[in-house]
Amino acid sequence: MAKKEELRELLKAELKDDFIGEELAGERRLFVDVHNRALVKTAEILMKQGARYQVGVGYESRKGGRGLALVHTFAFDNDALIVIVRTFAPEDNPEFDSLTPIIPGAGWSERECIDLLGFRFKNHPGPKRLVLSDDWPEGIYPLRHDVPHDLMPPATRDVVFRLEQPPPGTSIVPFGPFHSSLHEPAHFSVYVDGENIKGCEYRGFMTHRGIEKLAQTELTYNDVPFVAERICGICGSVHSVNYAQAVEAAAGIKISRRAEFIRVVMLELERLHSHLLWLGVAGHLIGFDTVFMQAWRIRERIMWLAERLTGNRKTYGMVIVGGVRRDINKEKAEDIKQVLKEVEREMLSLEKAIINDKTIHKRTRGVGYLSKEDALKWNLIGPVARARGIAIDARKDHPYAAYDELEFEVPVVDYGDVWGTLVVRVKEVYEAINIIRQCLNKMPADGPLAIDLDAPIPSGRQALSVVEAPRGEAVHYVLTGEENKPERWRVRAPTYANLQAVPEMLMNNKLADFPIIVGSIDPCISCTDRVVVIEIGLQKIKVMRKEELETISRKMRFEG
Amino acid sequence: MKVAAIFINLAYFLLLAPFLEGVMRKLTARIQSRQGPPLYQPYLDLLKLLGKENIVSSKNWAFRLAPLLAFSSMLAVVLLVPLAGAENLLSHSSDLMTLIYLLTLSGFSILVGALASGNPFAGVGASREMMTIIMLEPVLAMTLILGAVKSESFTISSALSGIGRNHGFSYFLMLVVYLLALQAFVSRQPFDIPEAEVEILEGPYVEYSGPNYALFRYTLNIKRMFYAWLFVVSFLNFVPSGNFWLKLLLETAGILILFVLISVIGATHPRFRIDQAIKYYTLLVVLSLIAIGLGVKGW
Amino acid sequence: MWLWNKLKQLAISLRAGVVTLHYPFEPRPAPAGFRGQPVWDHTKCIGCAGCANHCPARTIFLRDICQEVRILLYDSARCTYCGRCVDLCPEKAITMSDKFELATDNRQDLTQAIELFMMTCQRCGRCYDLEIKNYIDRLTLLGYRYDSLEVRKVIKKSTSEFQPEMLEKTATYQRPERLEK
């Protein structure tokens with residue numbers, strides 16, 4: 001609280017006339033409107049105060065004549081405070097100063113704004129196309145309101161993404177878009193000298209589904225949780241909870257305590273199965289398929305449990321704005337406890353079998369090393385940061401749902417390598433089991449599952465919500481709009497932040513370690529890629545002609 | 001009889017090799033709590049691959065030649081060897097050098113095929129394969145040379161039986177070295193580095209498909225069986241030569257036991273990196289040299 | 001040490017045994033409360049269009065082909081099995097069945113269409129409105145819809161904006177039994 005006042009005074013004093021306005025939304029958020037020219041200065045002040053950069057959000061105001069807006073958010077993890085810096089530019093000259101030179105982690109957010117909203121950034125080191133497909137026509141910015149959500153510009157064949165030239169003395173090994181160690185399409189062009197990696201360039205965003213645009217045009221508030229859940233195949237519940245929290249915060253809705261506990265149970269079940277999934281995948285990536293199979297065997301119990309609780313293995317569909325949809329009654333609570341007991345026992349024996357295995361140490365220790373300073377520089381989050389000695393966890397730092405009432409530890413190690421992320425994740429499995437048990441004991445016996453919303457959600461409100469996904473902190477930013485739908489909904493998945501640091505982690509490692517290093521951040525490409533408008537076939541498909549693919553996909557879409 | 005023995009050799013290796021892969025896959029599956037494919041699955045796989053279209057992705061003629069060369073040289077190797085102690089016409093007229101050269105030729109043609117394909121993954125795989133060949137061929141050669149030293153003869157059958165002639169230090173040291181190298185000879189985890197599916201997509205074979213790939217697969221199967229067989233006849237040669245069929249049965253049983261061992265080790269290890277593996281291979285080469293030294297001394 | 005670890009790993013595997021199920025040969029029934037394919041009960045349906053208005057996947061379509069007959073078409077191709085329609089149905093006419101083996105080569109196998117005989121006064125359908133307390137949900141209730149069943153496209157229009165041209169296409173509507181042939 002004191003920090004909030006302090007920052008407010010500081011910003012007011014430093015920025016003087018450039019400080020346009022403020023909005024005190026609750027104790028933990030501070031919205032600040034600053035003048036365009038003072039953006040970099042504001043960011044510098046906040047970073048000096050110990051902020052962690054989260055995400056940049058661009059949007060087009062539908063009303064008020066303020067034109068285009070750019071929002072940067074900064075988290076103060078020790079003070080449970082998030083400062084949201086808003087700045088505006090006229091529609092005919094959307095030029096902002098780039099934060100990337102001082103905050104490298106801002107690079108993608110800004111490139112996304114260039115692609116989707118037509119912003120321009122001064123001093124951006126590499127304003128290349130990030131999100132849009134290579135043959136998307138110039139000058140059409142999908143997230144502007146005048147572009148319809150189902151726009152399909154004709155495809156062209158002669159446009160390709162220009163990858164950088166490799167440094168002299170190295171050659172390129174292309175990983176992806178389809179590669180057995182990448183479970184989703186993404187392209188890493190890795191520069192190698194023999195077996196040593198000397199750099200890499202990333203081109204991703206090949207699975208854009210236009211979810212954000214869809215939510216802003218076609219869907220209504222309570223449709224979005226089900227779409228949000230499908231942002232990610234692993235941590236879907238994270239996104240639906242996060243979205244619902246953001247809308248509830250914007251509308252000032254207080255949901256029942258029982259619903260909050262049920263949300264926590266689902267989130268932690270998701271963390272359990274996600275970490276076990278990761279452990280298996282990590283085993284597979286270092287060629288140890290037995291760990292893969294055994295970890296997934298243990299995980300399967302949790303999937304079946306989720307099926308009994310929610311009606312589906314993965315897409316739980318539990319969350320709506322205002323609460324949850326299904327109850328966890330006594331019977332189900334017993335079921336959960338029983339499954340947790342078995343999972344804990346099996347997990348302990350698996351941990352004992354692998355934690356001292358020298359052959360696994362050989363493949364993970366010292367691999368993908370990144371120092372604590374570098375991790376701070378790149379604003380890493382989640383287990384990737386906690387393996388590098390940075391104790392951040394949104395559940396502790398920015399408590400949401402029922403986490404303020406729960407006691408748990410945040411495992412932190414300082415190995416700084418792939419092994420560290422493994423240790424952190426294995427420890428978090430036990431913490432998740434512990435949290436679910438506490439939830440079942442502390443949950444209030446009654447209370448509505450979902451509350452009645454008896455007033456429409458006012459438009460023009462903004463809110464930001466964070467949820468600690470298994471991979472790190474996920475951020476959702478919601479600007480409420482007219483006609484029962486959000487005007488802007490921005491999703492920052494954890495991989496979005498972590499993936500930007502992967503080229504640094506890969507430096508000077510062996511080519512053989514590429515899969516496990518990329519795997520160590522538990523990349524969720526579909527989370528990261530969620531935005532754009534239309535799926536367009538890749539340029540490089542040789543066997544089936546692109547036109548054929550397109551005819552087929554379009555046919556499917558319209559005629560079935 | 002000596003001509004018939006050639007065909008027995010051929011049939012023995014060609015028919016049994018895919019079955020042993022089936023054993024390996026089944027066991028690996030069981031260790032991973034899976035059902036696993038049926039034991040005859042590799043035969044079906046080979047048949048299926050043979051019936052498929054041969055996609056030739058490189059204009060280089062070496063690309064087409066490599067699978068044939070690899071397969072035929074591997075076949076030549078198994079034709080030469082004295083199965084169940086029975087010399088055939090061919091093993092009579094060849095010596096250890098022929099055997100080693102043919103084995104190397106088989107590995108070398110995989111390299112040629114990989115490099116001819118021009119795929120960067122195949123290139124990485126080929127360089128790994130090359131390092132493996134350079135480091136592992138000496139170990140094999142030393143094993144055979146130890147037999148030659150002991151039996152003071154360079155013919156295949158006497159060299160093979162020579163290793164186990166007396167059970168001195170050199171015998172035990174070489175036995176340990178061979179066992180330690182076996183996993184690398186058959187390129188299973190932790191030494192399936194040249195293929196490394198999740199890293200470089202089966203490396204040298206990445207551009208191969210259909211019948212060409214079937215030949216490579218078959219070559220690999222026979223190679224694995226050959227290395228296991230070599231261990232059985234040279235180190236576990238306790239059964240006095242007598243009944244040919246009994247001896248053949250015992251050898252087959254020995255091979256099966258070795259494959260169980262290979263599968264279990266393969267399923268419980270992650271893959272090593274090539275730099276880690278090379279350190280390990282270096283140790284093996286040094287140890288095998290010591291074994292030769294001991295053998296020369298008569299210990 | 002190394003051997004001990006490996007033995008522990010083997011022990012885990014062997015204790016678990018084979019866990020693969022003989023799935024397609026041994027049926028594996030879904031648990032209670034499973035969200036399988038939704039099934040409409042035409043005797044209970046009052047044609048209020050609550051499900052059509054709230055389907056997040058927009059895969060339930062509605063069209064009045066004449067004054068009396070209303071067609072509700074459920075196209076499972078895009079269905080996400082969220083069960084939202086079941087939650088919102090005021091008459092409990094929809095149930096999530098336990099059917100999940102839905103692969104088929106004919107899309108019609110999974111499409112459900114109900115032809116409902118409606119009262120002449122179509123406004124009666126609005127009684128649904130009163131059942132819903134949730135304001136967010138109530139906001140989307142605009143009235144009757146004239147979705148394009150042919151291209152399976154949602155056209156949200158209230159009855160006050162009804163245009164006769166939209167009805168022209170109803171001539172091409174084929175009833176399900178005819179489509180099967």
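Tutor: Chain B has a mean pLDDT of 84, where pLDDT is the predictor's confidence in each residue on a scale from 0 to 100; 98% of the residues of chain B reach 70 or more. This is a predicted model, in which local features need pLDDT of at least 70 and side-chain atom pairs count only at pLDDT 80 or more, while totals for chains, interfaces and linings use all residues. Residues are numbered from 1 along each chain as its sequence is written, and chains are lettered from A and ligands numbered from 1 in the order in which they are written. Among the elements of chain B, the highest mean pLDDT, 91, belongs to helix H2 (residues 41-50) of chain B, and the lowest, 70, to helix H4 (residues 89-92) of chain B. Helices (H or I, at least four residues) and strands (E, at least two) are DSSP runs, numbered from the N terminus.

The contacts between chains come next. Two residues are in contact if their C-beta atoms, placed from the backbone, lie within 7 Å. By that criterion, 33 residues of chain A are in contact with 31 residues of chain C. On the side of chain A that touches chain C, helix H5 (224-229), helix H8 (289-310) and helix H9 (330-355) of chain A each supply at least two residues, and H8(A) gives the most, with five residues. This side of chain A divides into 12 nonpolar, 11 polar and 10 charged residues. Here Ala, Val, Leu, Ile, Met, Phe, Trp, Tyr, Cys and Pro count as nonpolar, Asp, Glu, Lys and Arg as charged, and the others, Gly among them, as polar. Chain C also meets chain B: seven residues of chain B are in contact with nine residues of chain C. The side of chain B that touches chain C comprises one nonpolar, four polar and two charged residues.

The domain assignment, whose bounds come from an automatic or database source, gives domain 1 (2-131) and domain 2 (211-528) of chain A.

The loop between strand S4 (68-76) and strand S5 (81-89) of chain A holds Ala80(A). Phi of Ala80(A) is near 50°, a positive value in a residue other than glycine. Ala80(A) counts as partly exposed because it has 18 C-beta neighbours inside 10 Å; a residue is buried if 20 or more other C-beta atoms lie within 10 Å of its own, exposed if 12 or fewer, and partly exposed in between, with C-beta atoms placed from the backbone. Asn379(A), in the loop between helix H11 (372-377) and helix H12 (382-386) of chain A, has a phi near 55°, again positive in a residue other than glycine. Asn379(A) counts as buried, because 25 C-beta neighbours lie inside 10 Å.
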